[in-house]
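Subject: Structure handover

Hello,

Here is the structure for you to look over. My notes on it follow below.

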Amino acid sequence: MPRKKAQSPQEAEAALEYLRRLREDKNLFFEHCLKLKNFGSGELVPFKLNEVQLILHHMCERMLEEEEHVRIIVLKARRFGISSYVQGRFFHNVVMNFNKLCQIATHSKGATDSMFAMTKIFEENYPEQIKPSKRYSGKRELVFGAETGGLNSEYSLCTVGGKEVRGSQIDFLHCSEVASWGEHGDDYFLGLLNCVIAGYGTEVIVESTASGVGGLFYDLWVDAVEGSSGFKDAFFPWFIYSYYQKAFKSEQDKLRFENSLGTEKRYGGEEEKKLLGHKVSYDIGTSTPLEFEVTLENLQWRRTYIDTQCQGDLLKFHQEYPSHWREAFVSTGRSVFNLESLNELVLMSESRYREKPPRRFSVPVKIYKDDGIGMKYILETDENHTELEVHREPDPARQYRIGADVAEGIEIGRDSDYSVAVVLDAETYEECAMLRTRIDPDLFAWQLKTLGRYYEDAMILCERNNHGLVTLKYLVDVHGYPNVYSEKILDERSNRSAKKIGFHTTVKSKPLIIDFLKELVREREINLYSTILIDELQTFVNVSSGKMQAQHGCHDDCVMALAIAAFGCKMYPYMTPTPRSYSFGQPAINLFHPARI
């Protein structure tokens with residue numbers, strides 16, 4: 001092998017300065033040092049970051065600066081170049097630092113081979129004047145350095161299921177297409193993640209397209225969105241990619257296309273029409289953010305891809321090219337609710353959160369007056385708290401119905417249920433607020449009274465199944481709430497009717513209230529704003545046994561609370577107002593609105 005020509009001192013100093021610049025400026029490194037195959041022509045071209053890669057790059061650099069490590073999970077559309085960016089970023093980290101280990105984990109042998117082929121292209125076309133020594137090059141591994149020194153850094157790839165990295169210390173971890181990691185993916189991911197220490201400039205980037213609700217990637221994504229995992233969520237809708245648009249042949253064609261928006265169910269009907277003009281923006285560290293807006297050219301490309309790449313299946317397009325992250329996780333069961341209507345609710349919800357975000361409160365319990373006996377019912381403003389979201393303030397001229405679903409237990413964990421209360425306007429079926437909490441059933445009664453008082457003595461329809469009886473007993477006997485739904489039950493033995501408080505969910509009553517809610521959603525007669533609530537509607541499915549329930553790994557507490565509230569609106573659209581005071585062995589307590597004080 002021929003030796004490299006010796007450098008003069010001036011050349012060596014220039015090369016060293018060039019290395020310093022490349023180490024500090026990853027953008028410069030990508031364009032000057034890396035080549036990759038053009039997706040269309042197959043030619044080798046300089047690696048110039050596209051708009052999506054630029055956004056992700058800024059997110060990584062900002063997190064590295066603020067938290068001294070990178071932990072990002074990416075939900076992506078097809079062909080954005082996310083994997084290519086991570087490959088290039090980690091290649092930079094390895095060839096510009098001593099004693100570093102990069103590990104790339106993919107879902108299949110073919111994907112592993114494809115990614116390593118990209119790495120080899122990086123290495124083989126790297127500028128000769130700064131190219132590090134190479135100690136070893138195998139089928140899935142590159143080791144930089146000489147036998148007696150050098151970088152001693154390693155770039156390695158593996159396929160999920162192997163054991164080659166157990167116990168190793170990893171500095172840079174890329175987990176690719178995690179939604180396809182299979183049934184043992186959780187264990188493998190945990191093993192890999194625990195090889196990476198927090199801080200010290202380490203990086204973990206998880207990326208995938210969606211593949212149904214539930215599973216490892218879905219759980220990781222939801223944890224990131226909820227802020228409970230230390231990972232930052234990064235979602236990129238399909239329309240921000242400049243290639244995803246199709247030009248019109250003439251202005252007449254463009255006008256005809258615009259007039260046809262919303263008319264064809266194949267393309268989503270109203271969903272397509274509402275997408276036009278939809279905007280998102282991203283910070284990339286400049287004085288003005290990157291802004292994107294859905295154009296007619298975007299929508300023409302969308303129609304073409306629904307027809308040609310997704311076999312006319314709108315749900316497939318949603319999964320592969322989502323407009324918002326909830327749309328990407330297509331239910332794997334047969335959805336109970338009309339998906340087209342739900343997609344419209346999602347868009348409306350996103351717009352509402354952006355233009356008029358909800359007020360957020362905590363609902364404290366065990367708060368007593370100065371005498372230590374009288375109980376207080378207050379809301380505390382807390383914009384960082386998501387226990388109670390208020391989308392529409394109470395109006396003394398309106399009436400409200402509250403549907404409540406009580407959790408069966410409070411074990412904290414992903415699969416434990418929530419106690420939920422949904423407030424609807426009794427006449428318009430508009431969602432006004434949602435309380436979602438993990439709390440003991442007796443204390444949930446305290447929160448329900450606070451919510452009921454705030455919403456003008458709203459009728460509370462609380463499910464009496466299981467722990468719901470405890471909540472109802474405390475709500476009536478301890479807190480003296482006067483407006484609790486009750487129903488007459490016929491005793492078949494005595495042939496007498498008995499009055500029982502609460503709503504009883506049975507195999508007969510559940511289909512009735514769910515079918516009514518289905519009708520409201522399908523006919524666009526209900527306005528919903530809570531993203532969590534709409535998420536649950538999307539994952540409420542018909543299963544093979546014929547039952548209607550949450551898809552595996554999901555919840556339906558919000559759905560049941562909403563269905564009960566809607567039933568209350570149907571049965572009691574208007575009631576004669578009752579005196580607004582409470583008496584339960586103490587002087588009357590006048591109703592007040594604590595959030596207004």
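First, a convention: angles under 35 degrees count as roughly parallel, over 145 as roughly antiparallel, 65 to 115 as roughly perpendicular and the rest as oblique. This is a predicted model: local features need pLDDT of at least 70, side-chain atom pairs count only at pLDDT 80 or more, and totals for chains, interfaces and linings use all residues. Residues are numbered from 1 along each chain as its sequence is written, and side-chain values use heavy atoms, with hydrogens and water left out.

The helix pair: α17 (residues 531-538) and α18 (residues 557-571) have axes that come within 8 Å and cross at roughly 100 degrees. Axes are lines fitted to C-alpha atoms, for helices over the stretch in contact, and angles run from 0 to 180 degrees between N-to-C directions. α17 and α18 are therefore roughly perpendicular to each other. Ile-532, Leu-533, Glu-536 and Leu-537 of α17 meet Asp-557, Cys-558, Val-559 and Leu-562 of α18.

The sheet: eight strands form an open, mixed sheet, ordered β5-β6-β7-β4-β8-β9-β3-β10. Helices (H or I, at least four residues) and strands (E, at least two) are DSSP runs, numbered from the N terminus. Two strands pair if DSSP finds at least two bridges between them. β4 (residues 101-106) and β8 (residues 172-176) pair in the parallel sense over four bridges. Within β8, Phe-172 is the bridge partner of Cys-102.

Helix α4 (residues 82-95) packs on the sheet, with β8 among the strands touched; contact means heavy atoms within 4.5 Å. The direction of α4 makes about 165 degrees with that of β8.

Best wishes
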